[in-house]
Amino acid sequence: MTLDETRQLWDQQAPTYDDERDHGLLDPHIRRAWQELLVKVIGSNPTRIADLGSGTGTLAVLLAALGHRVTGLDLSPAMVDRARDKATNRGIDVDFVVGDASKPQLPPGQFDVVLARHVLWAMPDPADALDHWIQLLTPSGHLVLIEGINAGGGIHATFLSELLEERVSTMTLTHMPERIYWGREITDERYLISARR
């Protein structure tokens, strides 16, 4: 699939993207679970975060509401429009930009955290994307990668761990089978990897 075809696909999905319980986090219990998870992994001290493949900006807005300085990047202009509206409607400041998450045109060495949720699996070259993402980090920065396997595709934790082993100093893998994150029972693989540069 070309970049333009991918952009069109996500543009088409933008109007209904937040209808999925784990996308829009409209259920307060699910939203709180994600908030608690991200605070546990990222911390509560204000940090500079790049949310790559930000979609409609749900996690970016959530993190900015907690005091973080967030840049959300997505390939789809329709997704970015919805993300900007979401932030504006909540009175929250987030810098949303249209761009290719596989090669983000963001300033290198400026982000304490690079966050991506269900994004890396869709990259044409995950290893190359990781190299670009790591370059965005400050020397003490870290990656927060939420991935998994489902009927539409995905990336196994073992494969992603192997890609990261030669690129980072430390990493922690946390499996996420709990219903509270997804709004339904899941039988596939869901996980979070936090990796230090």
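**Exercise 1.** State which residue with positive phi follows α4, and how many residues of α4 are buried.

*Solution.* Glycine 67 follows α4 and has a positive phi, near 105 degrees. Helices here are DSSP runs of H or I with at least four residues, strands are runs of E with at least two, and both are numbered from the N terminus. Helix α4 spans residues 58–65. Buried means under 20% relative accessible area, exposed over 50%, and partly exposed in between, with a 1.4 Å probe and protein chains only. By that criterion seven of the eight residues of α4 are buried. They are Thr58, Leu59, Ala60, Val61, Leu62, Leu63 and Ala64.

The model is predicted: local features need pLDDT of at least 70, side-chain atom pairs count only at pLDDT 80 or more, and totals for chains, interfaces and linings use all residues. Residues are numbered from 1 along each chain as its sequence is written, and side-chain values use heavy atoms, with hydrogens and water left out.

**Exercise 2.** Determine whether threonine 71 is buried or exposed, and which side chain it joins in a polar contact.

*Solution.* Threonine 71 lies in strand β2, residues 69–74. Its relative accessible area is 2%, so threonine 71 is buried. A polar contact is a pair of N or O atoms within 3.5 Å; within protein, one must be able to donate a hydrogen and the other to accept it, and residues adjacent in sequence count only if both atoms are side-chain atoms. The side chains of threonine 71 and arginine 48 form such a contact at 2.9 Å. Contact in general means heavy atoms within 4.5 Å. Leaving aside neighbours within four places in sequence, the contacts of threonine 71 include Asp95, Val97, Leu106 and Phe111.

**Exercise 3.** Classify serine 169 as buried or exposed and locate its contacts.

*Solution.* Serine 169 sits in the loop between α7 (157–165) and β7 (170–175). Its relative accessibility is 53%, so serine 169 counts as exposed. Outside four places in sequence, serine 169 is in contact with Arg196 and Arg197. Its side chain reaches the backbone oxygen of arginine 197 at 2.9 Å.

**Exercise 4.** Describe how α6 and α7 cross, and which residues make the contact.

*Solution.* The axes of α6 (residues 126–136) and α7 come within 10 Å and cross at roughly 50 degrees. The contact is made by Pro126, Ala127 and Leu130 of α6 and Leu160, Leu163 and Leu164 of α7.

How values were computed: Axes fitted to C-alpha atoms, helices over the stretch in contact; angles between N-to-C directions.
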